[in-house]
Amino acid sequence: RFDSLGTEGQTPGYFVETGGQQQHERVLVPGNTPLHRDVLTQRPSNNVMGQMGYFCTDVDTPVFADLCNELYRDGSLIQTAVQEARADRTIYTLVTHPGHHAAADSFGGFCYVNHVAAMAKLFTA
């Protein structure tokens with residue numbers, strides 16, 4: 001699905017390091033500065049780059065092919081942390097993407113999911 005988006009907005013010079021080796025990674029990077037939006041009257045574009053500009057709060061946070069897998073692993077860590085805390089065990093969890101810049105309707109600062117909010121919701125469930 002990521003490949004079907006085409007090359008618009010992809011940054012060709014983005015590299016990730018895996019196991020001490022650099023690999024080329026195709027990413028989508030927001031191409032416009034986000035502006036204040038009125039959620040009652042404005043809607044995201046049907047174009048993927050328009051959606052990036054609508055939901056992203058900066059021009060640096062990429063969306064890349066393995067992002068869903070990384071967020072799934074982060075979510076699993078959060079879920080395990082809540083289970084351990086409920087069992088009165090001390091736990092420290094370090095996730096890939098910190099989450100403190102994410103909100104229910106936006107992402108930015110390399111934060112896609114607000115993990116503290118997710119933990120709070122799990123604790124109250």
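**A close look at one part**

Guide: Ser76 counts as partly exposed, at 29% relative accessibility. Here buried means under 20% relative accessible area, exposed means over 50%, and partly exposed is in between, with a 1.4 Å probe and protein chains only. Ser76 has its place in helix H2, and its C-alpha atom is separated by 9.7 Å from that of Val95, which is 19 residues away along the chain.

Before going further, the source of these values. This is a predicted model, in which local features need pLDDT of at least 70 and side-chain atom pairs count only at pLDDT 80 or more, while totals for chains, interfaces and linings use all residues. Residues are numbered from 1 along each chain as its sequence is written, and side-chain values use heavy atoms, leaving out hydrogens and water.

The protein has 125 residues, and 26% of them count as buried. Its accessible surface comes to about 8,500 Å², with 55% belonging to carbon and sulfur atoms; such areas come from the Shrake-Rupley method with a 1.4 Å probe.

Now the packing of H2 against H3. These two helices pack at an angle of about 45°, and their axes are 10 Å apart; an axis is a line fitted to C-alpha atoms over the stretch in contact, and angles run from 0 to 180 degrees between N-to-C directions. H2 is therefore oblique to H3, a term for whatever is left once angles under 35 degrees (roughly parallel), over 145 (roughly antiparallel) and 65 to 115 (roughly perpendicular) are set aside. On the H2 side the contact is made by Asp74, Ile78, Gln79, Ala81, Val82, Ala85 and Arg86, and on the H3 side by His115, Met119, Leu122, Phe123 and Thr124. Contact means heavy atoms within 4.5 Å.

H2 covers residues 67–86 and H3 covers 115–124, and Asp88 is found in the loop between them. Phe110 belongs to that loop too. Most residues other than glycine have a negative phi. Asp88, however, has a positive phi, near 60°, and Phe110 likewise has a positive phi near 60°. Asp88 is exposed, at 74% relative accessible area, whereas Phe110 is partly exposed, at 37%.

Last, the ring pairs. Rings of Phe, Tyr and Trp (its six-membered ring) pair if their centres lie within 6.5 Å; planes under 30 degrees apart count as stacked, over 60 as edge-to-face and the rest as tilted. By this rule there are two aromatic pairs. Tyr54 and Phe55 form an edge-to-face pair, because their ring centres are 4.9 Å apart and their planes lie at 80°. Tyr54 is buried, at 14% relative accessibility, while Phe55 is partly exposed, at 29%. Phe107 and Tyr112 are a stacked pair, because their ring centres are 5.6 Å apart with the planes at 25°. Phe107 is buried, at 13% relative accessible area, and Tyr112 is buried, at 11%.

Key
Helices (H or I, at least four residues) and strands (E, at least two) are DSSP runs, numbered from the N terminus.
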